[in-house]
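This report looks at a ligand site and at how the protein divides into domains. Start with the site.

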Amino acid sequence: MIVLHHAAQSRSFRVLWFLHEAGIPHRLERHSFGGKALRAPEFLAISPAGRVPALEVDGRVLFESGAILEYLCETRAPALGRAPGQAERADFLEWLHYGETIAQHLAQLTFQHIVLRPEQRSLTVMKLETLRLSRVLDGLAQVMGDGRDWLLPGGFSAVDCMAGGSLLIARRFVSLDGWPALDAWHERLVARPGLRAAQAEDGPAELYRRDFYPMPEG
Ligand SMILES: N[C@@H](CCC(=O)N[C@@H](CS)C(=O)NCC(=O)O)C(=O)O
């Protein structure tokens, strides 16, 4: 049985969502960001940077959400990937990795809005990272604006879980009102039974307890 090392509302949600989309049986090993469990030697033996997701699969452990999704497409869910030689292969790789380009700004904003105490925050960093997040969402909106339903014209794929997983969090820091194509994509994503099943299994909110985190005054 595949085991997903998971923390609620984290990047491991991308993998959890994908497992549901692909109908792959799995078990969750739940972790928390509180305490030092992710720094324990037993967990570092699984994930060397002490990060989630990590996936126990085929007699080994895989970490890095993008690598996990690509591996699962290749070994178990080819319809959700684009194999070498397929027309959308290059786009598949680009958008798979773009999920992390979005996530780097989400990580900064999560630290600033949620992890740090108010007196530790930097309004400059918050404004800059919100702007930089908006720029990467512009990049997504450009492709979604050409009338497609999913990131790849050929149909829903792992890249929708990867970049879409980041979009779900991005909405907590920026309103999608200015990007109707992203808003419509978000509506399509949240209507998917696979996403709903993953949300039901995700676990209680640990990080994001509010729907939206506005920029503080100043
Ligand atoms: N590039 C990695 C990033 C993994 C990552 O940073 N995960 C975060 C949760 S979203 C984590 O485990 N953080 C724990 C920590 O920084 O201590 C991936 O996509 O899997």
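## Ligand shell

Of the 13 residues around the ligand, the nearest are Arg39, Val52, Glu64, Ser65 and Glu100. A residue counts as near if one of its heavy atoms lies within 4 Å of the molecule. This is a predicted model: local features need pLDDT of at least 70, side-chain atom pairs count only at pLDDT 80 or more, and totals for chains, interfaces and linings use all residues. Residues are numbered from 1 along each chain as its sequence is written, and side-chain values use heavy atoms, with hydrogens and water left out.

The shell holds six charged, four nonpolar and three polar residues.

## Polar contacts

Here a polar contact is a pair of N or O atoms within 3.5 Å. Arginine 39 places a polar side-chain atom 2.5 Å from an oxygen atom of the ligand. In arginine 51, a side-chain N or O atom is 2.9 Å from a ligand oxygen atom. Glutamate 100 has a polar side-chain atom 2.8 Å from a nitrogen atom of the ligand.

The ligand alone exposes 510 Å², and the protein buries 80% of that (Shrake-Rupley method, 1.4 Å probe).

## Domains

Domain 1 spans 2-80 and domain 2 spans 89-192, with bounds from an automatic or database domain assignment. Their centres, taken over C-alpha atoms, are 21 Å apart. Domain 1 gives 15 residues to the contact and domain 2 gives 23 residues (heavy atoms within 4.5 Å).

Methods. Polar contact = N/O pair within 3.5 Å; in protein donor to acceptor, adjacent residues only side chain to side chain. Nonpolar A, V, L, I, M, F, W, Y, C, P; charged D, E, K, R; others polar.
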